[in-house]
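The sequence and structure come next.

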Amino acid sequence: MLAGDEFISSPPKKTVRFGGTLTDILLKYERGETTDFELLKHQLSDPDIKDAQIINWLHEFRSSVAYLTKDFEQLVSILLKLPWLRRSREVVEEYLGFLGNLVSAQTVHLRPCLSMIVSQFVPPRIIIREDDVDISDSDDDEENLSENFDTCHRALQTVAKYVPSTLQFLMPILVEKFPFINKSERTLECYVHNLLRVTVYLPTLRLQILELIVEKLLKLDVSTPQQDIEDAEEAANNSDSEEKSTEEGLFDMEEDEERKENKVSPSSERMAHPLAERLDILMTILFAYIKDVCHVDGKLDINKTKDLYRDLVSVFDKLILPTHASCHVQYFIFHICSLKSGLAEAFLDHLWKKLQDPNNPSVIRQTAGSYIGSFLARAKFIPVVTVKACLDLLVNWMHKYIDNQDTGANAYCDVALHGPFYSACQAAFYTLIFRHKQLLDGNLRKGLSYLQSLNFERIVMCQLNPLKICIPSVVNLFAAITRKYQLVFCYTIIERNNRQFIPVVRSGTGGDFVQMCTNPLDSFFPFDPYVLKRSKKTIDPFYQFWEELSAEDLENLKKPIKKGTSEDEDDDFLKGETPQNEGVVEITPNSYESNTRSPVSSIGSPSDCHAQYLESCAH
């Protein structure tokens, strides 16, 4: 018997509302008495059940979980469907304890537990009824969403602590639960953010999670051609202009005008293209993750940065390099390289090994060449000394290639035979177009001597004829610049190549049409301008832009430099306009001809008519 005070201070025996403890109900069920068991299932499924009742039977389940048999898996299934995150703190803590006991006592329930936790990585679904139709949507306005995500990660850490095999089962579930790309931006944003949080406390999964995220981002990227993005933005801008013009016509009052000038549109950073909007949000998250991992207390942590760089390069090799004409996702490697110059050099060295290795497939070697040229041209953080080192490697390799091929049976122009060579040539030409002013800056005579030492003339004049294969806009601007500095005269070869181009007549639903193959390499420049509005803020400070060529630039470019010119002579083209790491490059080709570009070069790219004009001026 308990004394009065002992009775008051002792906790009551935990029972369910229809009488009996959990153990009693389970024993009755084993004897064939199922009434109380069915009542228990009904109570667990009741959305109006009180927190105190949940705590009671969760506590009993924790003490009885080791004795549950397969007959009671349906009870566990009901418990895992319980909306525990939206309950009181006491219920949440009790539930976390229940999960730990469940998976440690019976690992057969590990996968269902992990699946339940991961399913909470997105905002809860709410049902909206419109015209007798139930529409499911994410509840973005939940106040406790961030706190709920924190609790989910606590639950995942608890399970991983008790069951070492968690990592083996978790990754397939993360892949399975990844939302489709047509889900709401908020759903995708929350899931990717939570995936990246998992890498913080389960670092062995980081590489696999990064691969999963980049794979999904690539699907978004290749589904959203840059031309479609720009068309959508242009249409949206035209629509806004028409709306504004209508408003100004209706309300032409000073106070209205002043209010409109001061008004900031909340959607000004939104992309007009819906898939581009999703991609922009997810790229912003990925860039923020890279920054947070690499910095500790605001300072760059070299070891953590190197570790993340290795993982990202592995993802790059597996997913990015084999993907043709992606527009934006590859910028994650651009971003991490901008944090430390040594990483940029390591990345260039990595690409160089890909390019020169004959054991790699030709398409991979050609793509590596495209990345080298585009990276050297666009990355402001790469110093001139590194540009020179890379040009030396490229040009010396090209000369050796010519030595081996120019007099043999394969000494003729053929992309299938010499694709990597042509890719290396285009990378060198493209780099020179962007960087020639920096290479000549400070000491013109020394700079010209360096460019002459590269012996571009031998490359251009060789039997393999790279000017015939490279993109015409690159060829024409390279020809103009090398003529300007009397490095090589390309126009005779260009004219001969133009006469050899045979138009291809194709039949289509609209009738026959003539097509010229102006990009036989099927090459692209992976670091063409980045157009996603939010995430481009991370890229722009380190990105080398260009401006349209002015009439004066065109005139200067067609005037050759006379031999014996001193670096002290007054030449507007050579003085005061050389882009430093903070400047802009004034001469650049389109990545593609207007009829073959994919993706389309972005706003600010000069039209190829500049290059054609320069070519015509040479005669």
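## Surface and overall make-up

Accessible areas here come from the Shrake-Rupley method with a 1.4 Å probe. On that basis, the accessible surface of the protein in this predicted model is about 30,000 Å², and carbon and sulfur atoms hold 50% of it.

The protein has 619 residues, 49% of which are buried. Its secondary structure consists of 28 helices and six strands. Among contacts with a separation of 6 or more, 75% are between residues 24 or more positions apart.

## The largest nonpolar core

In soluble globular proteins, nonpolar side chains tend to be buried together. The largest nonpolar core of this model contains 162 residues, and the members that touch the most others are Phe332, Ile333 and Phe375. Helix H20, spanning residues 415-440, is the main contributor to this core, giving 14 residues.

Leaving out residues up to four places away in sequence, Phe375 touches Phe334, Cys337, Ala344, Phe347, Leu348, Phe381, Ile382 and Phe527.

## Thr367 in helix H18

Thr367 lies in helix H18, which covers residues 362-378. Is Thr367 buried or exposed? Its relative accessible area is 12%; the cut-off for buried is under 20%, so Thr367 counts as buried.

Beyond its neighbours within four places in sequence, Thr367 makes contact with Leu321 and Phe524.

Definitions and conventions. Residues numbered from 1 in each chain as written. Predicted model: local features only at pLDDT ≥ 70, side-chain atom pairs only at ≥ 80, totals over all residues. Heavy atoms only, no water. Helix = DSSP H or I, 4+ residues; strand = E, 2+ residues; numbered from the N terminus. Buried < 20%, exposed > 50% of the residue type's maximum accessible area, 1.4 Å probe, protein only. Contact = heavy atoms within 4.5 Å. Core = buried A, V, L, I, M, F, W, Y, C linked by side-chain atoms within 4.5 Å.
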